[in-house]
Amino acid sequence: MQIIAQHGEIFIILACLFGFFMAWGVGANDVANAMGTSVGSKAITIKQAIIIAVIFEFLGAWLAGGEVTATIRGGMLDPVLLEANPQLLVYGMLSALLAAAIWLMIASARGWPVSTTHSIVGAIVGFGAVGLGVEAVAWSRVGTIASSWVVSPLLAGTIGFVLFKSVHHLIFESNDPFAAAKRYVPGYVFLVGFIVSMVTLTKGLTHVGLDLSFGQSFLLSLLLGVAIMGLGVVMQRRIKYEKNANDHFGYANVERVFGVLMIFTACAMAFAHGSNDVANAVGPLAAVISVVRSEGVIDSAALVPWWVLILGGGGIVFGLVTYGHKVIATVGTGITELTPSRGFAATLAAATTVVLASGTGLPISTTHTLVGAILGVGLARGMAALNLRVIGTIVMSWLITLPAGAGLAILFFFMFKGMFG
């Protein structure tokens with residue numbers, strides 16, 4: 001208690017700095033997962049991707065980032081064991097932020113799309129097990145999160161596979177693919193608007209003072225879906241059929257219609273990513289602020305201050321603008337060849353999985369989810385469509401992430417403990 005009272009301001013300043021550094025890492029590495037498919041399918045340019053991500057990542061972090069943050073902040077460690085020494089939680093959360101941020105910086109420099117969720121969860125479990133004792137870690141909670149790392153790519157891959165097959169059947173196999181695209185794409189646009197609106201409204205907006213019932217959320221989501229569909233129809237009408245001697249079936253024109261849809265899925269994925277992954281940066285930061293302000297009382301249910309979510313959103317945006325283009329290029333073109341229709345199926349599948357997880361408070365890996373979705377879409381075209389060497393490198397970087405985060409966190413934990421006593 002005395003240590004917290006004595007060094008409280010220093011702890012908060014360090015937490016803000018490390019939290020911003022961590023958010024920068026999320027933006028530099030993980031936003032590629034939100035934007036890679038859109039850029040890789042040439043539906044939007046890197047410059048347009050950055051503008052979309054700046055707006056929607058920030059909105060997702062601020063409006064819907066509170067739910068998952070509670071899991072990262074208070075769900076991993078047993079608060080009863082920390083009550084006698086609350087300063088250990090402060091050291092640990094500072095260590096976790098710094099460890100995960102440094103690992104993300106290394107991975108981004110090498111162009112590896114690693115999981116920020118893995119990084120921070122590994123770091124928290126590492127310092128908890130060594131610094132506090134194995135019994136301090138809520139292993140059942142960690143097990144639930146770990147299982148989501150397997151479930152989320154499988155779920156996203158399945159949704160991506162089904163979506164791409166439906167596009168193939170309804171549009172590409174019809175007698176007039178261009179007319180079919182014009183007919184069915186507004187329905188897909190409605191789906192994007194409805195799913196993201198529904199999950200955000202049912203779970204994510206209580207901390208900004210908007211607490212709606214399920215029925216109200218459903219009706220509002222329907223209205224938002226219809227409004228977004230209307231906007232899609234207006235944009236779609238501008239696309240005219242262009243004759244091309246090399247394009248006997250008119251597939252290039254169909255892909256141009258899907259290019260419009262990719263703008264909507266890019267916005268949805270950026271929003272979903274911001275809502276889920278801001279927790280990785282601001283969860284530990286919120287825990288430090290809560291312990292310092294309450295002078296050592298550990299309350300995992302304490303509300304996240306609004307400015308903390310803004311700090312996290314700002315850090316994500318800064319990371320994307322300064323360093324994100326490297327990993328965007330890797331994810332967009334490395335795993336399988338993407339066209340707007342394939343990119344749409346992968347992005348909507350990943351966005352759906354991420355917003356569902358964000359709504360249930362489960363911090364899943366956006367990286368795993370999107371790679372799973374891209375694999376699902378690739379498999380719909382056969383095994384030969386996948387670049388297995390790139391996939392192998394990505395999986396290897398995933399396996400290194402947990403021990404790297406844990407090892408660095410343990411090192412920093414003992415460093416802070418030595419500095420502040």
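## Burial and the overall fold

A residue counts as buried when its relative accessible area is under 20%, and as exposed when that area is over 50%. By that cut-off Tyr91 is buried, because its relative accessible area is 1%. The model is predicted. Of the protein's 421 residues, 59% count as buried.

The protein has 14 helices and 0 strands. Read from the N terminus, the order of elements is α-α-α-α-α-α-α-α-α-α-α-α-α-α. Among contacts with a separation of 6 or more, 85% join residues 24 or more positions apart. The exposed surface comes to about 16,400 Å². Carbon and sulfur atoms supply 69% of that area.

## The nonpolar core

The largest nonpolar core holds 126 residues. Seven names stand out there for touching the most other members: Phe11, Met22, Met35, Leu94, Ile171, Phe344 and Phe416. Helix H10, residues 251-293, gives the most to this core. Its share is 23 residues.

## Aromatic pairs

A pair of aromatic rings is described by the distance of the centres and the angle of the planes. The count here is 11 aromatic pairs. One of them joins Phe11 and Tyr91. Their ring centres lie 6.1 Å apart, with 70° between the planes, and the pair is edge-to-face. Phe11 sits in helix H1 and Tyr91 in helix H5, 80 residues apart, so this pair links distant parts of the chain. Phe11 has 0% relative accessibility and therefore counts as buried. Tyr91, at 1%, is buried too.

Phe18 and Phe416 form a pair with centres 6.1 Å apart and planes at 45°, so this one is tilted. Phe18 belongs to helix H1 and Phe416 to helix H14 (residues 388-420), so the pair ties together parts 398 residues apart in sequence. Phe18 counts as buried at 13% relative accessibility. Phe416 is buried as well, with a relative accessible area of 3%. Elsewhere, Phe21, Trp24 and Tyr323 make up one aromatic cluster.

Helix H5 covers residues 86-110, which is 25 residues. From first C-alpha to last, H5 reaches 37 Å. That is close to the 36 Å expected at 1.5 Å a residue. Is H5 enclosed or open to the outside? Of its 25 residues, 20 are buried, so H5 is largely enclosed by the rest of the structure. Just after H5 comes Gly111, with a positive phi of about 75°.

Helix H9 spans residues 214-237, a run of 24 residues. At 1.5 Å a residue H9 should span 34 Å, and its end C-alpha atoms are 34 Å apart, which agrees. Which residues of H9 are buried? They are Ser217, Ser221, Gly225, Gly232 and Gln236. An α-helix has 3.6 residues a turn, so residues three or four places apart point the same way.

## A positive phi at Lys42

Lys42 lies in the loop between helix H1 (2-40) and helix H2 (46-64). Its phi is near 65°, a positive value in a residue other than glycine. Is Lys42 buried or exposed? At 71% relative accessibility, Lys42 counts as exposed, because the cut-off for that class is over 50%.

Note on methods:
Residues are numbered from 1 along each chain as its sequence is written. This is a predicted model: local features need pLDDT of at least 70, side-chain atom pairs count only at pLDDT 80 or more; totals for chains, interfaces and linings use all residues. Side-chain values use heavy atoms; hydrogens and water are left out. A nonpolar core is a set of buried Ala, Val, Leu, Ile, Met, Phe, Trp, Tyr and Cys residues joined through side-chain atoms within 4.5 Å. Buried means under 20% relative accessible area, exposed over 50%, partly exposed in between (1.4 Å probe, protein chains only). Helices (H or I, at least four residues) and strands (E, at least two) are DSSP runs, numbered from the N terminus. The expected span of a helix is 1.5 Å times one less than its number of residues. Contact means heavy atoms within 4.5 Å. Accessible areas come from the Shrake-Rupley method with a 1.4 Å probe; for residues, only the protein chains shown count as cover. Rings of Phe, Tyr and Trp (its six-membered ring) pair if their centres lie within 6.5 Å; planes under 30 degrees apart count as stacked, over 60 as edge-to-face and the rest as tilted.
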